[in-house]
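This report walks through one protein model, part by part. Please keep the structure in view while reading.

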Amino acid sequence: MVVRFLLICALLSVSLFAKESGRYAFRAQKYLEEGKFASAYSLYEAALLASRKESDLLSESRILLSMAQIRTSSLDLELADSLLSQVREDVLDLNTKLALLQAKISLDNIKGKHAEVLSKVASVTEEMLKKAPEALPAALYSEEAYALAAKGDISKAEETLEKVRKELSKKDGRYVLAKARVADVSKASNADSLYSEAEKISIQENRIYRTATILYYRALIAERNGESEKAKDFRKRSAHAFELMGLPKPQKRSLGEE
């Protein structure tokens, strides 16, 4: 699974949501910032209904994107796919189109469709990314780097990581985590130390989902290294965080029940 470095809704100004749908979306975003994914999703469902009553296709599409991102984080991949298929691409502005692409390639990477990720990323030009918020290019490049590494092209993956660094910084937790994921899939010896660094930053920033996911990845590395007690500790900590967020599937995965 490839961790998402952002939630789509964080890119999409709440001020752009209309009327009643905007009020629900604003409250949903606040819940997400607190790590309450299940509560946020319920509010997005209400926002979606309101946007449809308002006949606001752009707001509806943005809400669907946010819902799909949560479902992807929840490992409800079929439902995430279904939500993305309902997005009306013809009504989207450029940034929202890029956000839609990011959501799709994130899902593809989780499913192991790395060739499709690279094909979709190839359709994005530098001109398209110039005016986008830094989080969007960084997320796209991070997914591309992971897909390249998963296909065995480590050299190109590392080149792509440099693009992530230029969008963010060497000390940004999202960049460190991108490096860790590439190192992990490459079976590099420094993968766990990179995860450890990313975990510390994530805890400082109170990014609960990111921390829980990192702990899961560290558990897998510990298991590969035959460190069973350390792996159990990572799994328990990860599962507890997912439980607090209301994400039962990731919780069960962390516990090794799925």
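How much space lies in the second largest pocket? The answer is about 270 Å³.

## Basis of the model

This is a predicted model, in which local features need pLDDT of at least 70 and side-chain atom pairs count only at pLDDT 80 or more, while totals for chains, interfaces and linings use all residues. Residues are numbered from 1 along each chain as its sequence is written, and side-chain values use heavy atoms, with hydrogens and water left out.

The chain has an average pLDDT (the predictor's confidence in each residue, from 0 to 100) of 90, and 93% of the residues score at least 70. Over residues 1–7 the pLDDT stays under 50. For residues 1–7 the model has 40 contacts (heavy atoms within 4.5 Å) beyond four places in sequence.

## The second largest pocket

A pocket is found on a 1 Å grid over the protein atoms alone: it is an open set of points where a 1.4 Å probe fits, with protein on both sides within 12 Å along at least five of seven lines, and lining residues have an atom within 4 Å of a point. Grid points are joined across faces, edges and corners, and the volume is the space filled by probe spheres set on the points.

The lining includes Val-121, Leu-140, Tyr-141 and Lys-163. At least two lining residues come from each of α8 (126–129), α9 (135–150) and α10 (154–167); helices are DSSP runs (H or I, at least four residues), numbered from the N terminus. By class, 5 lining residues are nonpolar, 1 is polar and 6 are charged. Here Ala, Val, Leu, Ile, Met, Phe, Trp, Tyr, Cys and Pro count as nonpolar, Asp, Glu, Lys and Arg as charged, and the others, Gly among them, as polar.

## Nonpolar cores

A nonpolar core is a set of buried Ala, Val, Leu, Ile, Met, Phe, Trp, Tyr and Cys residues joined through side-chain atoms within 4.5 Å. Buried means under 20% relative accessible area, exposed over 50%, and partly exposed in between (1.4 Å probe, protein chains only).

The largest core has 49 residues, of which Tyr-44 and Met-245 touch the most other members. Helix α6 (residues 94–110) gives this core its largest share, 8 residues. A second, separate core has 13 residues, among them Ala-191 and Tyr-216.

## Two loop residues

Lys-187 sits in the loop between α11 (173–185) and α12 (191–204). Its phi is positive, about 60 degrees, although Lys-187 is not a glycine. Lys-187 counts as exposed because its relative accessibility is 58%.

Asn-206 is in the loop between α12 and α13 (208–224). Asn-206, also a residue other than glycine, has a positive phi near 60 degrees. Asn-206 counts as partly exposed, because its relative accessibility is 49%.
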